[in-house]
Amino acid sequence: MSSAPATAVIESPVGPIRLTACDGVLTGLTILPGAALEGDRSGDPLLVEAAIQLAAYFAGERRIFDLPLAPAASPRGEALRAGIQSIPYGETLGYGALANLLDSGPRAVGQACRRNPFPIIIPCHRVTSAKGAPEHYSGGHGVDTKLWLIRFEQQNR
């Protein structure tokens with residue numbers, strides 16, 4: 001029997017972030033496009049730790065997250081997630097280049113980024129077009145949020 005999901009909303013430089021967790025794993029991170037919504041401040045230890053790690057990231061003190069994440073729906077999804085996560089802090093890689101490294105297709109990489117339930121933690125903002133352009137981003141204010149994250153990391157390398 002699973003427990004009820006816990007949620008928290010934290011402030012960040014890219015806007016409010018909603019965190020969700022259930023049964024000891026983080027189940028989602030959503031960069032909200034507008035004003036902060038109230039979240040359950042139940043003190044869930046995982047959400048507290050996630051908030052601490054995100055604060056350290058935004059302070060330029062953390063580059064890699066150490067949080068239990070809900071698994072991807074398939075082994076292929078896990079492989080794509082791992083590939084995205086392997087892009088070094090402050091660097092970007094094109095959809096096609098990442099697809100080649102993962103023996104996949106650029107569309108599959110794009111879909112994995114679009115469906116990524118853990119932006120920032122699984123840094124899909126580091127995946128760009130072949131020319132390095134940040135064409136899409138599903139969190140916050142879209143491309144503006146993606147550009148902010150890329151520039152922030154490049155400045156804090």
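This is a predicted model: local features need pLDDT of at least 70, side-chain atom pairs count only at pLDDT 80 or more; totals for chains, interfaces and linings use all residues.
How much space lies in the largest pocket?

1. **The largest pocket.** About 270 Å³ of space lies in it. Its lining has 14 residues, and those closest to the centre are Ala72, Gly77, Gln111, Ala112 and Arg115. Helices α2 (75–85) and α4 (106–114) each supply at least two lining residues, with α2 giving the largest share, four residues. By class, eight of the lining residues are nonpolar, four are polar and two are charged.

2. **The second largest pocket.** Here the volume is about 190 Å³. The largest share of this lining, five residues, comes from α4. Among the residues that line this pocket are Tyr95, Cys124, His136, Tyr137 and Lys146. The lining divides into four nonpolar, four polar and three charged residues.

3. **Strand β2 and its partners.** On one side of the pairing list, β1 (residues 6–10) runs antiparallel to β2, joined by five bridges; Ala6 has Ala21 as its bridge partner. Strand β3 (residues 25–31) also pairs with β2 in the antiparallel sense, over six bridges, and Arg18 is partnered with Thr30. Because five of the six residues of β2 (residues 17–22) are buried, this strand is largely enclosed by the rest of the structure.

4. **The two hairpins.** Six residues lie between β1 and β2, and Gly15 in that hairpin takes a positive phi near 115°. Between β2 and β3 there are two residues, and Asp23 in the turn has a positive phi of about 55°.

Terms used:
Residues are numbered from 1 along each chain as its sequence is written. Side-chain values use heavy atoms; hydrogens and water are left out. Buried means under 20% relative accessible area, exposed over 50%, partly exposed in between (1.4 Å probe, protein chains only). Two strands pair if DSSP finds at least two bridges between them. On a 1 Å grid over the protein atoms alone, a cavity is a set of points where a 1.4 Å probe fits but cannot get out, and a pocket is an open set with protein on both sides within 12 Å along at least five of seven lines; lining residues have an atom within 4 Å of a point. Grid points are joined across faces, edges and corners, and a volume is the space filled by probe spheres set on the points. Ala, Val, Leu, Ile, Met, Phe, Trp, Tyr, Cys and Pro count as nonpolar, Asp, Glu, Lys and Arg as charged, and the others, Gly among them, as polar.
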